Amino acid sequence: MHKGAIFSSFYLPPVEYFSQLKAHNDQIIVEGCEHYKKQTFRSRATIHSPQGKLDLIIPVLKGANLQTDIRDVKISYDFDWQRLHWQSIQTAYRRSAYFEFYEDDFKVFYTRKWEFLFDYNIELLDFLIRNLKLNLSYTFSASYEDNYDDLDDYRDSIHPKKAPIPEFKPYFQVFDDRNGFIPNLTVVDLLFNQGPQSSSYL
């Protein structure tokens, strides 16, 4: 039996996140009691645009800070970020092999409005687990702990400013002819380009 692991709830998490989920499928805990952290994957994702890496950031209502519980962080709709994100995703992946296959179900996340960031991230996580055909389940943490002796902790190790732990074999990306292969982007980059082969890649 593998050691279990704890993860934060991320927006369209990177490939590394799902690689580690799959490696720890005996016991997966999603952190539901932490404080919100800015400039992390909790509210941002990175796609492969025609110009290279592009960060998609979900705006949150003012007042969300280091003392705000993650479940209490509300999404801001002061500007139409959903339309902007969806347009960027379409530009990046409309020519990928499998985008049309997932498009209708995925588009719901950019037309329907969620009040809380945590709820939005969790519904996206469920969508991604299902479409990546990963046979795993998770539970939520009951309280916040700084450290776990019996779990691998990925809450802060998977971070936009930190290099991923595993090395990633290249797979076809739409714009790799101009930008080269970019590793560890949002897992939808893998899903839209590799489709049913994504699980094997992970």
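Predicted model: local features only at pLDDT ≥ 70, side-chain atom pairs only at ≥ 80, totals over all residues.
Helix α1 (residues 15-23) is largely enclosed by the rest of the structure, because 7 of its 9 residues are buried. The buried residues of α1 are Val15, Glu16, Tyr17, Phe18, Ser19, Gln20 and Leu21. The loop between β1 and α1 contains serine 9. Serine 9 counts as buried, since its relative accessibility is 1%. Leaving aside residues up to four places away in sequence, serine 9 touches Tyr17, Val30, Arg42, Ile70, Phe118, Asn121 and Ile122. Among these contacts of serine 9 is Tyr17, which is itself one of the buried residues of α1.

Helix α3 makes contacts with both α6 and α2. The axes of α3 and α6 (residues 187-194) come within 8 Å and cross at roughly 130°. The two helices are therefore oblique to each other. On the α3 side the contact consists of Phe99, Tyr102 and Phe106, and on the α6 side of Val188, Leu191 and Phe192. By class, this contact of α3 with α6 has 6 nonpolar residues, with no polar and no charged ones.

The packing of α2 on α3 has an angle of about 175°, and the axes are 12 Å apart. With angles over 145 degrees counted as roughly antiparallel, α2 is roughly antiparallel to α3. Trp86, Ile89, Gln90 and Tyr93 of α2 meet Phe99, Glu103, Phe106 and Lys107 of α3. The residues of the contact of α2 with α3 divide into 5 nonpolar, 1 polar and 2 charged. Phe99 and Phe106 of α3 take part in the contact with α6 and also in the contact with α2.

Side chains of opposite charge can pair when their charged atoms come close. In the model the count comes to 10 salt bridges. One of them joins aspartate 156 and lysine 37, whose closest N and O atoms are 2.8 Å apart. This pair links distant parts of the chain, 119 residues apart: aspartate 156 is in the loop between β6 (151-153) and α5 (176-179), and lysine 37 is in the loop between β2 (28-30) and β3 (44-49). Aspartate 156 is partly exposed, at 31% relative accessibility, and lysine 37 is partly exposed as well, at 25%.

A salt bridge also forms between aspartate 55 and arginine 44, with 3.3 Å between the closest N and O atoms. Because aspartate 55 lies in strand β4 (residues 52-57) and arginine 44 in strand β3, the pair ties together parts that are 11 residues apart in sequence. Aspartate 55 has a relative accessible area of 39% and is partly exposed, whereas arginine 44 is buried, with a value of 17%.

The side chains of glutamate 115 and lysine 74 meet in a further salt bridge, with an N to O distance of 3.2 Å. Glutamate 115 lies in the loop between α3 (99-107) and α4 (117-131), and lysine 74 in the loop between β4 and α2 (81-93), so this pair ties together parts that are 41 residues apart in sequence. Both residues are partly exposed: glutamate 115 has a relative accessibility of 46%, and lysine 74 has one of 32%. Salt bridges that share partners also join Glu34, Lys37, Arg42 and Asp156 into one network. Arg42, a member of that network, is also among the residues touched by serine 9.

Note on methods. Residues numbered from 1 in each chain as written. Heavy atoms only, no water. Salt bridge = Lys/Arg side-chain N within 4 Å of Asp/Glu carboxyl O. Helix = DSSP H or I, 4+ residues; strand = E, 2+ residues; numbered from the N terminus. Buried < 20%, exposed > 50% of the residue type's maximum accessible area, 1.4 Å probe, protein only. Axes fitted to C-alpha atoms, helices over the stretch in contact; angles between N-to-C directions. Parallel < 35°, antiparallel > 145°, perpendicular 65-115°, else oblique. Contact = heavy atoms within 4.5 Å. Nonpolar A, V, L, I, M, F, W, Y, C, P; charged D, E, K, R; others polar.
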